[in-house]
Amino acid sequence: MNAMLTCEIQGAVALVTINRPDAANALSADVRAELRAIVDGLSCSQAVCAVVLTSAGRKVFAAGSDIQDMVEMTAAESVALSESIRQLNGALSELPQPVICAVNGWCLGGGLELALACDIRVASETARFGFPEAKLGIMPGGGGLPRLVRAVGSAVARHMLLTGEFISAARAYEIGLVTQLAKPDALVDDTLALAQRIATLAPLALAQIKHALRVAESADLNSGIHAEAQACAVCFSTEDKREGMRAFLDRRPAVFAAR
């Protein structure tokens with residue numbers, strides 16, 4: 001039996017693939033647990049400087065919880081499900097490494113919540129996005145609503161959530177939900193190339209940038225500015241800062257050691 005997820009290390013990049021194309025790459029409890037274990041392992045890795053998250057096949061990036069399982073689900077049970085999803089997506093979002101999501105096919109509901117927890121989203125030109133939960137009498141519960149507002153703004157988020165309509169990859173690029181499009185055959189290669197470019201940058205600086213961005217997205221302007229200044233000071237205390245600046249002055253590529 002094939003593994004539900006694979007994690008392949010390519011140099012300084014980890015390629016994590018949800019491998020359930022026959023089951024619409026559904027994010028079952030077992031898949032969430034396995035992905036969380038992979039994420040926790042990557043959080044401790046100094047060898048991995050960037051992460052790519054994708055899925056097998058071209059039809060569906062990732063399906064959320066099985067509707068059949070939710071038909072008789074109670075409110076209390078839904079709270080437990082939402083908490084499980086939020087914990088996974090939160091751990092993914094808080095990885096020190098930049099995480100790039102390569103979206104192929106349909107990216108709806110829980111799959112879109114997972115994609116929104118990543119730092120950067122690259123989409124196949126044939127991808128489709130949406131939150132159709134209102135059509136089922138429910139709404140997102142795993143952090144998708146606030147993350148969507150932060151990604152595309154309140155007006156666009158309201159349109160997507162209140163209509164339940166699906167949008168094309170071109171429209172997703174237009175509104176900033178994704179920042180790069182790729183031909184279906186080139187999606188993973190293009191995303192890996194982007195991750196490999198990112199992986200040449202200073203890992204500690206990237207981690208501090210991610211930290212400052214999280215504060216800026218959730219706090220007032222002054223708190224964001226203060227967090228930025230503190231994160232910048234941390235960067236100035238590293239050996240990577242000295243190496244990066246010396247390399248620039250010496251006109252050579254920098255070799256960062258995450259110190």
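Helices here are DSSP runs of H or I with at least four residues, strands are runs of E with at least two, and both are numbered from the N terminus. With that in hand, let's set up the view.

This is a predicted model, in which local features need pLDDT of at least 70 and side-chain atom pairs count only at pLDDT 80 or more, while totals for chains, interfaces and linings use all residues. Residues are numbered from 1 along each chain as its sequence is written, and side-chain values use heavy atoms, with hydrogens and water left out.

**Stop 1: helix α3**

Select residues 75-93, which make up helix α3, and pick out N89 within them. N89 counts as buried because its relative accessibility is 2%; buried means under 20% relative accessible area, exposed means over 50%, and partly exposed lies in between (1.4 Å probe, protein chains only). Now show what surrounds this side chain. Leaving aside neighbours within four places in sequence, N89 is in contact (heavy atoms within 4.5 Å) with E113, L114, A117, G142 and R147.

Stay on helix α3 and select R86 and E83. They form a salt bridge, with the closest N and O atoms 2.6 Å apart; the term stands for a side-chain nitrogen of Lys or Arg within 4 Å of a carboxyl oxygen of Asp or Glu. R86 and E83 are three residues apart in the helix, so about one helical turn separates them. R86 is partly exposed at 37% relative accessible area, and E83 is partly exposed at 33%.

**Stop 2**

How many salt bridges does the structure hold? There are nine. D40 is partly exposed at 35% relative accessibility, and R36 is partly exposed at 30%.

Next, select E243, D250 and R252, which are linked in a network of salt bridges. Is E243 buried or exposed? E243 is buried, with a relative accessible area of 16%, whereas R252 is partly exposed at 34%.

**Stop 3: the nonpolar cores**

A nonpolar core is a set of buried Ala, Val, Leu, Ile, Met, Phe, Trp, Tyr and Cys residues joined through side-chain atoms within 4.5 Å. Select L92, V103, L112, F129, L148 and L177: of the 44 residues in the largest core, these touch the most other members. Helix α1 (residues 29-43) gives the most to this core, with five residues. A second, separate core has 16 residues, including L15, V52, A102 and A199.

Zoom in on L112. Apart from residues up to four places away in sequence, L112 touches C107, F129, G130, F131, M160 and L177.

**Stop 4: strands and sheets**

Colour the strands β4, β6, β8 and β9: in that order they form an open sheet with mixed pairing, where two strands pair if DSSP finds at least two bridges between them. β4 (60-62) and β9 (167-168) stand at the edges with a single partner strand each, so one side of each has no neighbour in the sheet. Strand β8 (residues 128-130) runs antiparallel to β9, and two bridges join them. F129 has I167 as its bridge partner in β9.

Move on to strand β3 (residues 50-55), where six of six residues are buried. A50, V52 and T54 lie on one face, with V51, L53 and S55 on the other. Six bridges join β3 to strand β2 (residues 13-18), and the two run parallel. Look for A14, which stands opposite V51.

Then find C101 in strand β5 (residues 99-103). C101 counts as buried because its relative accessibility is 0%. Beyond residues up to four places away in sequence, C101 touches L53, F61, A115, C118, I120, R121 and V122.

**Stop 5: out to the surface**

Finish by selecting I67, V71, L136 and I138, a nonpolar surface patch with about 360 Å² of accessible area together. I67 is in helix α2 (residues 67-70) and counts as partly exposed because its relative accessibility is 47%. Patches are made of residues with over 30% relative accessible area and no salt bridge, with like charges joined within 9 Å and nonpolar side chains (Val, Leu, Ile, Met, Phe, Trp, Tyr) within 5 Å. The areas come from the Shrake-Rupley method with a 1.4 Å probe, and for residues only the protein chains shown count as cover.
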